Amino acid sequence: MEIGKQLEYSLYVYPRKIINIGAYYLEERPCNKILTQDRSHSIIKRVLIIEECSLNISRSNMEVIGIFGILIISCFFLIWLWLKNRFNYWSSRNIANPPCSYIWGNMKSVLLQQCSFADITLKHYEVFKSAGKKYGGIFMLWSPVFYPIDLEIIKSIMQVDFQHFVDRGVYFNEKADPLSAHLFAIEGKKWKLLRNKLSPTFTSGKMKMMYETVVDCTVGLFRVMDKEIGNSVDIKDILGRFTTDIIGSCAFGLDINSLENPDSEFREKGKSVFHRGLLENLKQFLLFSMPNLMKNFNLKATPNDVTDFFMNVVKNNVAYREKNNIFRKDFMHLLIQLKNKGKLVDDDKLDSENLTEDENTITMEEIAAQAFIFFEAGFETSSTTMTFCLYELAKNKTIQDRLRGEIQKVLKKHDGKLTYDTLMNMHYLEQVINETLRKYPPVPMLVRVCTKDYKIPDSDVILEKGTKVTIPLYGIQRDPDYYPDPDKFDPERFSEENKNSRPAFSFIPFGEGPRVCIGTRFGMMQTKVGLVALMLNYEITVSKKTREPLQYDPQSFVTSTKGGIWLDLKKISPNTVELLPQSS
Ligand code: HEM
């Protein structure tokens, strides 16, 4: 036997090693055979000792395995008990809860990307509404989420008793992931302070300042659209590039030109945040369900390459402007003022020697995080709104013609020049956009977390501190009680008279209360500029390439369709009608 021989030889030269080999050997083969090959008594003895020892080891192995097995079973039992208790959370409080799985909660289909956020929101809303409930409870993984349906309760949570629901409970980690510490995510006093500082950045005065930059980007839009006459265009893609260029210019002061160059790094990085694969989706759910636990693991919500890219862009940009004393009419200019002075000041007072520095200045990381959220929250939401709006206009020729008529009339009245104020006063345009935001809100649900125990009005339910709340925005805006025939696109719902006949909080595409979208004005401005530019120059119809009926894309948090929306274009007149901005 080969191994036996080796054993004898080694035995002679390195007795100690042999014992090791012998031990190994004994475990591999029946020991009798080995013993006959080992003639040295002492070695036999030693091998025997080893055999004994090996038997002991296997005996104790068995014990260890046994103990280990019992531990695992106990762990499973404890986890099962914990889950059972957890998933009784709502029923033990007498709050309706749709049946759910012990592992996934009520969001399994969304987690596995089989169903979109909009569809699941409507489904849960309808379950509670048809059961005549004012609220219910669901589970996101194993995290209980309060689900109000009644508009009065929603108003209390978002506005009246806001001090109990100041935060969203969204994951952020200032140290490990500086870009995540933006206005949307940060909490408590820090949020309030920053919100107060940033609010003056979004006044109508500041919008007028940026209006020209927005209009400038329509030139690139015409160029791309003109090339596509006679073809079907993926309108979401083009408008996503249009808004990327606008926000890139207004938030970062950069000429990104993704309209001409669709593969620009800026566009790629921006898109990657919204379109998640399965694993990324799961990670984001974990971060949302257990933000405090996840913070201990120093997890990052933003991918490293995105952080590196945006941090560099902002740092270089700020350094360049400061070195060369450059003032531009954009968000970055305002953020730099907040960094250096702690507040916004008129440009002519910037050099004033009397200007005192405010102690609440913001850091470079904070600038980067805010510019990042302006970019992320700003480009996808507005391009989505324009896309669905154009889809409905393409399907409803009468509405399209009426809208174009209004735009042409207003322009004629103002010698073809469009100021920010004239744009804001196009009533039918406003109605059409509002109906789009009702039917296809880009953000289908809003989130809050209870920051102080709260008694739900007219009930004996106490929401405990830490409980998450979801406001089913999409469900409310598709509710036939507020919007009869809710799938019909009807801008008349937003005529002055009809609008006022509906209850408060039945139309909340930008959220409500103190945490309402800070960029509402900017979002509306760029949406209106884009629609006016396109309506003036192109007649649109739905292309056969659009998959109808529309189906929402489960991979995107922002409402979006599978396969995109494709339109066929016809140029209205060979000469492009360009928008001529005019300062008010
Ligand atoms: C059509 C366009 C837009 C829509 C539909 C939209 C929608 C929303 C919604 C629903 C929220 C949550 C509100 C809540 O929880 O009550 C929000 C928050 C926010 N949005 Fe927008 N948004 C749009 C455009 C923009 C733009 C252009 C910007 C920035 C330039 C922006 C920046 C933000 C920020 C920073 C927040 C967090 C505010 C805070 O927590 O204080 N959004 N947006």
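**Ground rules.** I number residues from 1 along each chain, as its sequence is written. Since the model is predicted, I take local features only at pLDDT of at least 70 and side-chain atom pairs only at pLDDT 80 or more, while totals for chains, interfaces and linings use all residues.

**Cores.** I looked up nonpolar cores, meaning sets of buried Ala, Val, Leu, Ile, Met, Phe, Trp, Tyr and Cys residues joined through C-beta atoms within 7 Å. Buried here means 20 or more other C-beta atoms within 10 Å of the residue's own, exposed means 12 or fewer, and partly exposed is in between, with C-beta atoms placed from the backbone. The largest core has 90 residues, and A251, A371, L390, V532 and L567 touch the most other members. Helix α17 (residues 364–395) gives the most to this core, 17 residues. I then picked V532: leaving out residues up to four places away in sequence, V532 touches I407, L423 and L579. Contact means C-beta atoms, placed from the backbone, within 7 Å. There is also a second, separate core of 40 residues, with M107, Y125, C450 and F507 among them.

**Ligand shell.** Which residues come nearest to the ligand? Out of 25 around it, I get G378, G511, C517, G519 and G523. Near means a C-beta atom, placed from the backbone, within 6 Å. Helix α17 turns up again, giving the most to the shell with seven residues. Both α17 and α23 (520–537) supply at least two shell residues each. By class I have 14 nonpolar, eight polar and three charged residues. For that tally Ala, Val, Leu, Ile, Met, Phe, Trp, Tyr, Cys and Pro are nonpolar, Asp, Glu, Lys and Arg are charged, and the others, Gly among them, are polar.

**Two helices.** I checked α23 end to end: its 18 residues reach 26 Å from first C-alpha to last, close to the 26 Å expected at 1.5 Å a residue. The expected span is 1.5 Å times one less than the number of residues. Because 16 of its 18 residues are buried, α23 is largely enclosed by the rest of the structure. Helix α11 (residues 235–252) also has 18 residues, and its end C-alpha atoms are 25 Å apart, which agrees with the 26 Å it should span. With 17 of 18 residues buried, α11 is largely enclosed too. G253 follows α11 and has a positive phi near 70°.

Most residues other than glycine have a negative phi, and most peptide bonds are trans. I found a cis bond joining E548 and P549, with omega about -5°. P549 is in the loop between β9 (538–542) and β10 (566–571). N325, not a glycine, has a positive phi of about 55°, and is in the loop between α15 (304–324) and α16 (331–341). Is N325 buried or exposed? It has 8 C-beta neighbours inside 10 Å, so N325 counts as exposed.

**Record check.** UniProt, in an unreviewed entry, lists residues 64–83 as "transmembrane region". Its positions are in the numbering used here, feature names are shortened, and annotations may be inferred rather than shown by experiment. In the model, residues 64–83 are 100% helix and 0% strand, with end C-alpha atoms 28 Å apart.

Terms used: Helix = DSSP H or I, 4+ residues; strand = E, 2+ residues; numbered from the N terminus. Contact = placed C-beta atoms within 7 Å.
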